[in-house]
Amino acid sequence: MRLLLSAFILAVVIPAQATRYHVNTSATGSGTGLSWTNAFTNLQEALSIVIPGDEIWVAAGQYKPTTGTSRTISFNMRNGVSMYGGFAGTESTLDERDIASNPTVLNGDIGEPGTGSDNVHRVVTASSINTHIVLDGFRIMNGYSASGSGYNGAGLNAQHILNGSLLVRNCTFVNNYSGTYGGGIYLAAANLTIENCDFLNNRAGTGGDGGAIYNGNNNGGYSNLVIRDSRFKSNSARRGACLHGGLDFDNLLIDRCIFTGNSSELSIIEIDGFASATISNSYIIGNAVDDSFANVFRVQTSAADEVLTMTNCTFVQNFNLYATPGSEIIRVYGTHHRIEN
């Protein structure tokens, strides 16, 4: 009886061993997901069975959220489960990946190819996460949500992640469109870190904000956003072609990033409020706005305790295309912000 009781206690207190699931569109094995030979061929199969502590490895190929026509279906990240792409389908460690040679595409184009209006509203969703999870090595593309649809963040929608965190690394967000907020990414009440990512041709519509990234409704708390070693090119929006902080950040850090060839009516980077904000070691080159009172870089807050620090940054060849511009390329409200070197 004592032995049985001891075995029962050990089974309760020791968690089950984490499982690594494999996904490969070309796999022909048994489909258990437990090896590359027997990989799932559908990413949603893996997402449907994982539990916290598991990992999903995805080989090169094109994966769509559904084979049907429902635009509300997306790849829903699971609590405690990280997801990695960029595999050839033979690797046994993450270090063996060659992401550039093995494009792993999460594609929202489920309808008529090239017609955005029948694509999924959101390609990837991460919601109510209370652990640290990773999304690494994917090309996320062709999410489409029209203005007024209620869907924000056509590439990635990240909400309710203040008790956990999401790291997005080695990803490319391309050709995602939101008619309202966040063509590439919409975050709200989230701890989000972006590392070594590319944002290409993401758009918010004629009345939309945040072509690449939008920080929205706080849902009970303010977001923390870190962007490092990332590149923003050819993104567009009415306001904030690359980034619009529509709501306050708790903390914002932008470091070693490049913003080039982006266009907007009113702003390329716009930050409305924050507890702390830093932009450093970054290039803002060759962007264009087009309104009398437009700015390429705008810090909207004038609160004395909200201090932006910008250091070691280069602004060059940015333009206001309006016939009679009435505002500066860089505009900060208040005299307490720090712009150095």
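The model is predicted, so local features need pLDDT of at least 70, side-chain atom pairs count only at pLDDT 80 or more, and totals for chains, interfaces and linings use all residues. Residues are numbered from 1 along each chain as its sequence is written, and side-chain values use heavy atoms, leaving out hydrogens and water.

Start with the sheet. An open sheet has 9 strands in the order β3-β6-β9-β12-β15-β19-β23-β27-β31, with parallel pairing. Strands (E) are DSSP runs of at least two residues, numbered from the N terminus. Two strands pair if DSSP finds at least two bridges between them. β3 (61-63) and β31 (314-316) stand at the edges; each has a single partner strand, so one side of each lacks a neighbour in the sheet. Inside the order, β6 (residues 104-107) and β9 (residues 139-141) pair in the parallel sense over 3 bridges. There, Val105 stands opposite Arg139 in β9.

Now the core. The largest nonpolar core holds 74 residues. Such a core is a set of buried (under 20% relative accessible area, 1.4 Å probe, protein chains only) Ala, Val, Leu, Ile, Met, Phe, Trp, Tyr and Cys residues joined through side-chain atoms within 4.5 Å. Leu43, Ile56, Leu166, Ile213 and Leu225 touch the most other members. Strand β11 (residues 156-169) gives the largest share, 6 residues.

Two loop residues remain. Ser234 has a positive phi of about 60° although it is not a glycine. Ser234 lies between β19 (231-233) and β20 (236-237). Arg256, also not a glycine, has a positive phi near 55°. Its loop joins β22 (249-255) and β23 (258-260).

Notes: Buried means under 20% relative accessible area, exposed over 50%, partly exposed in between (1.4 Å probe, protein chains only). Helices (H or I, at least four residues) and strands (E, at least two) are DSSP runs, numbered from the N terminus.
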